[in-house]
Amino acid sequence: MISNLNVSRRKLITFSSAAIAGLSINQLLSKAHAIEIQNSVSFSIPMLENVATPNINNPIRLNFNENALGMSPRAKQAAIDAVPKANRYAKAEMPLLNKRLAKHHKVDDTQILLTAGSSEGIRSAIAAFVKSDAQLVIPELTYGDGEHFAKIFNLKITKVPNLPDWQIDIKGIQKAAENYNGFSIVYLVNPNNPTSTVFATNEIEPWIKSKPKNTIFIIDEAYAEFVNDPDFKSVDEFIAKGYDNIILLKTFSKIHAMAGLRVGYAVSSVENIQNMAQYVAGEKLNYCGVCAALASIDDQPFLTYSKKAVDVSRQIMEKVLSNLGLHYLKSQTNFIFHQSPINLKDYRELMKQNFVLIGRDFAPATNWCRISLGTPGEMLYVANIMYNLRKNQ
Ligand SMILES: Cc1ncc(COP(=O)(O)O)c(C=O)c1O
């Protein structure tokens with residue numbers, strides 16, 4: 001398969017020289033651990049027996065951090081049941097979802113704003129704070145939507161270089177806000193995308209609690225439910241305690257596997273929520289999405305399964321990367337960021353020719369690759385491909 005590739009052998013030489021050829025698939029996964037995880041959930045996790053078999057029309061999509069499992073069966077049924085009623089707006093269902101989310105985050109109903117995915121949350125949060133003297137402060141390597149929307153609103157953009165291994169420099173971000181003579185919109189993604197790393201909540205807590213003048217914190221926790229690091233905690237608890245300088249953004253696209261149904265929300269002070277509400281489509285959210293979200297949020301067995309399946313996929317991928325000697329960052333999400341064995345464009349092409357789609361370029365992280373974590377069966381296929389690449393050097 002690999003021999004037809006249009007990439008020079010010399011480029012492949014940069015792969016690790018670790019002797020991994022001939023490694024069997026069973027060595028990728030601690031079976032005991034996998035069985036332990038399987039026994040802890042009520043859904044069947046696709047394991048070794050189910051190695052994926054992609055083809056040109058049905059590639060493995062590891063390029064958009066989607067949830068490969070599909071949504072909860074209960075959520076799916078709720079969406080299907082909603083279709084015949086979708087000639088109507090979700091006037092009755094949206095307040096129910098709003099109420100349920102308020103309970104989840106221990107805030108008042110008026111502190112939640114439903115949005116069409118968290119993309120609309122990012123846009124409306126920035127729109128709500130556009131001022132002539134405002135700047136957006138972001139880490140140099142982070143999710144691009146903050147910068148994208150700030151540019152549309154003609155805001156000044158200040159990018160703070162990341163620390164080694166792309167960690168977020170919270171002190172540097174603070175300095176960039178404090179040294180600025182105007183209003184700062186600080187957009188932080190935790191865990192970050194594309195790095196998949198977290199910063200400890202207590203790194204930012206004193207700054208938030210000092211209630212700096214002229215600063216709003218937009219904290220995007222799209223992937224929070226996947227986190228294993230105990231130093232991470234949601235900023236929702238500060239909002240519940242009355243801090244009015246934070247906008248928390250959440251989505252049903254990731255752990256809930258509902259990316260195509262477009263449901264997200266913001267949690268903040270009543271005033272911030274009212275301000276943001278001017279910039280969203282309001283009561284016109286996707287009817288099927290709202291019904292599915294209502295079912296999914298209470299489907300704890302599915303959410304546990306969703307997280308644990310990603311834990312298994314991550315374990316497979318970490319083993320592959322370690323065996324290939326490729327440096328990677330400790331993943332806290334459903335994707336992993338690693339140094340590419342070869343020029344990233346060639347790597348992407350090689351994988352594509354083997355029916356695996358992987359992440360795009362993320363400047364300034366030249367030759368680092370983001371691979372989303374698919375099902376365990378998909379990751380086993382990917383593991384084979386990566387080992388074959390090594391063997392064929
Ligand atoms: C950090 C982050 N925030 C927000 C989004 C937007 O997701 P959605 O609009 O589907 O909620 C993404 C999508 O990948 C993301 O990675």
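**The ligand and its surroundings in a predicted model**

A polar side-chain atom of N193 comes to 2.8 Å from an oxygen atom of the ligand, a polar contact being a pair of N or O atoms within 3.5 Å; within protein, one must be able to donate a hydrogen and the other to accept it, and residues adjacent in sequence count only if both atoms are side-chain atoms. Of the ligand's area of 390 Å² when taken alone, the protein buries 93% (accessible areas by the Shrake-Rupley method with a 1.4 Å probe; for residues, only the protein chains shown count as cover).

The structure is a predicted model, in which local features need pLDDT of at least 70 and side-chain atom pairs count only at pLDDT 80 or more, while totals for chains, interfaces and linings use all residues. Residues are numbered from 1 along each chain as its sequence is written, and side-chain values use heavy atoms, with hydrogens and water left out.

Two further side chains join the picture. For S119, a polar side-chain atom lies 2.5 Å from a ligand oxygen atom, and for Y223 the corresponding distance to an oxygen atom of the ligand is 2.7 Å. In total, 14 residues surround the ligand, and the closest are S119, D220, Y223, T251 and S253 (near means that a heavy atom of the residue lies within 4 Å of the molecule). Helix α5, residues 117–128, gives the largest share of this shell, four residues (helices are DSSP runs of H or I with at least four residues, strands runs of E with at least two, numbered from the N terminus).

Some backbone details also deserve a look. N193 is joined to P194 by a cis peptide bond with omega of about 15°, and another cis bond, with omega of about 0°, links N190 and P191. P191 belongs to the loop between β5 (183–189) and α8 (201–209), and P194 also lies in the loop between β5 and α8. Elsewhere, N154 has a positive phi of about 60° although it is not a glycine; N154 is placed in the loop between α6 (145–152) and β4 (156–160).
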